[in-house]
Amino acid sequence: MPRTATQFDLVIAANRLPVDRVVDADGTESWRTSPGGLVTAMESVMRGREGAWVGWAGEAGDAPEPFVEDDMYLRPVALSEDEVAHYYEGFSNDTLWPIYHDVIVSATFHRFWFASYEAVNRRFAEAICDVAAKGATVWVHDYQLQLVPAMVREMRPDVRIGWFNHIPFPPVELFAQLPWRRAILEGLLGADYLGFQRVADAQNFIRACRQLLNLPTKGDTVSESRSEGARRVRASAVPISIDFVGLEELAKKPETKARAAEIRESLGDPETLILGVDRLDYTKGIGHRIKAYGELLEEGRVSPPKQMFVQVATPSRERVDAYRDLRNEIEGEVGRLNGEFSDIGAPAVQYLHHSYPRQEMAALYLAADVLLVTPLRDGMNLVAKEYVTCRYDDGGALVLSEFTGAFHELHQAFVCNPHDIEGLKQTIMRAIETPDKEKRRLMRAMRRRVADHDVQRWAARFLDNLANAPEKGGS
Ligand code: ADP
Ligand code: F6P
């Protein structure tokens, strides 16, 4: 790619750029990796592909000038203070997010939030069209940009448009609550191909089109209208993954191994190190996990320093009420457990509310004997796949909720229903107590699965499905 190029054959658009702009109090500007699984996955897909990435730089105000990083052309989209509040925190994360995650907390509906969502989606569509070469492939990501496919199609009928949802797509009974359900379905139907994490998500979408728009559906395709020869849109499952080779390489580095040993040592070399790593989000089941662990502490089935529990809770969406409430609730509960069950130098729960560099994450995974992944609903959960990837020693045990996308692939995990606290306690104990030889067998099988289905294979499958999506009126 010539460094001056401004039109690209591959354009991806996501709410966030892979990096957030951070301006310090003294005005110094720097860039840091953005949070979340989408960025983890797409960063490695885009490396070496010489495409453009359209997204928000993570702070309100004017957009920085486009720039090139790691051979990617980054095209920032501006969001005003109001748009951050209405499009991002409001409609995306206080309307859609709860509806798409089983209404774990109730959703809020405001017409002015949707108006902002529409305006921002249009700005993204314009930015995409600006950088897309003739006949380009446009790959739109996630629930924040569901109106973009139809907007791009209207402006640029020459491009091929795909959309991938990183989160679940809800059953029609929940989706139907959205006053803007028609606009969203019509927005998505502007794409040629729609990818989802699970078969059930794709089916939920197809059912919503049939029941709410009265559109003809056949197998995994939906006709865009009822007219003869209408365009058909395919919707199917392509579960996302991670950069297995790259992450395993990082885990194998002597510095990472040394850091893992140091982490264990600084925790007093426990018999069992138990780890949780999540964005501080109510979908992740952190409260259920802490409740179960608290009862195990009370019953004396685990106790520090023999068992040590480290919970990394990454700051997320801190101005949204439900997230603020969750933080108070979790930190209150952690404080209670620590007050009751800690010893000097041996906390019952070591709670870390920070972001870390990738190498530190790899060291934590390598150090942990048990990883607790207990979401109430999660599109995939890349943390589970990262843990398995880092365990090149075949060590460790994965406790995995059946309500994650990862559950449908990692069959050798210690499976739990996080709502069933008694069952969760038993599963945690089984993960601790199962003999190492058996755990190694399970870990080996999961590692094979992730190695064979890595992020590059996921991207290739998505792009292949997009390239082969039905042409107008085709089957
Ligand atoms: P989500 O996209 O909902 O946040 P995932 O589990 O799919 O959930 O992806 C989370 C990603 O964020 C993973 O790549 C994980 O390594 C990364 N991550 C989570 N917590 C931290 C943290 N504290 N510091 C750095 N990276 C983190
Ligand atoms: O995968 C769900 C998601 O919303 C992604 O869009 C994003 O990478 C991640 O969670 C983090 O959320 P946010 O961008 O709101 O901080």
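Helices here are DSSP runs of H or I with at least four residues, strands are runs of E with at least two, and both are numbered from the N terminus. Helix 4 covers residues 148-155, helix 6 covers residues 181-188, and they pack at an angle of about 55 degrees with their axes 5 Å apart. An axis is a line fitted to C-alpha atoms, for helices over the stretch in contact, and angles run from 0 to 180 degrees between N-to-C directions.

The crossing is left-handed, that is, the near helix is turned anticlockwise from the far one by less than a right angle. Val148, Pro149 and Ala150 of helix 4 meet Glu186, Gly187 and Leu188 of helix 6, where contact means C-beta atoms, placed from the backbone, within 7 Å. Four of these residues are nonpolar, one is polar and one is charged. Nonpolar covers Ala, Val, Leu, Ile, Met, Phe, Trp, Tyr, Cys and Pro; charged covers Asp, Glu, Lys and Arg; the others, Gly among them, are polar.

A word on the model. It is predicted, and local features need pLDDT of at least 70, side-chain atom pairs count only at pLDDT 80 or more, and totals for chains, interfaces and linings use all residues. Residues are numbered from 1 along each chain as its sequence is written, while chains are lettered from A and ligands numbered from 1 in the order in which they are written.

Helix 2, residues 81-100, packs on helix 3, residues 111-131, at about 105 degrees, with the axes 8 Å apart. These two are therefore roughly perpendicular to each other. Helix 2 brings Asp82, Glu83, His86, Tyr87, Gly90, Phe91 and Thr95 to the contact, and helix 3 brings Phe112, Trp113, Phe114, Ser116, Tyr117 and Val120. By class, that contact has seven nonpolar, four polar and two charged residues.

One is an open sheet of ten strands with mixed pairing, in the order 5-6-4-1-7-8-9-12-11-10; two strands pair if DSSP finds at least two bridges between them. Its edges are strand 5 (67-69) and strand 10 (217-218). Inside it, strand 7 and strand 8 run parallel over five bridges, and His141 has Phe164 of strand 8 as its bridge partner. Helix 7, residues 199-213, lies across strands 9, 10, 11 and 12, at about 150 degrees to strand 12.

The other open sheet has six strands, ordered 15-14-13-16-17-18, with parallel pairing. Strand 15 (349-352) and strand 18 (414-416) are at the edges. Four bridges join strand 14 to strand 15, and Val312 is partnered with Leu352 of strand 15.

Last, the ligands. Which residues are closest to ligand 1? They are Gly37, Thr40, Thr314, Leu382 and Val383, from a shell of 16; a residue is near if its C-beta atom, placed from the backbone, lies within 6 Å. Helix 13 gives the most to this shell, three residues. The shell holds seven nonpolar, seven polar and two charged residues.

Around ligand 2, the residues include Asn15, Arg16, Gly37, Asp142, His166 and Arg317. Helix 1 gives the most there, with three residues. By class, the shell around ligand 2 has four nonpolar, five polar and three charged residues.

Conventions:
Two residues are in contact if their C-beta atoms, placed from the backbone, lie within 7 Å. Angles under 35 degrees count as roughly parallel, over 145 as roughly antiparallel, 65 to 115 as roughly perpendicular and the rest as oblique.
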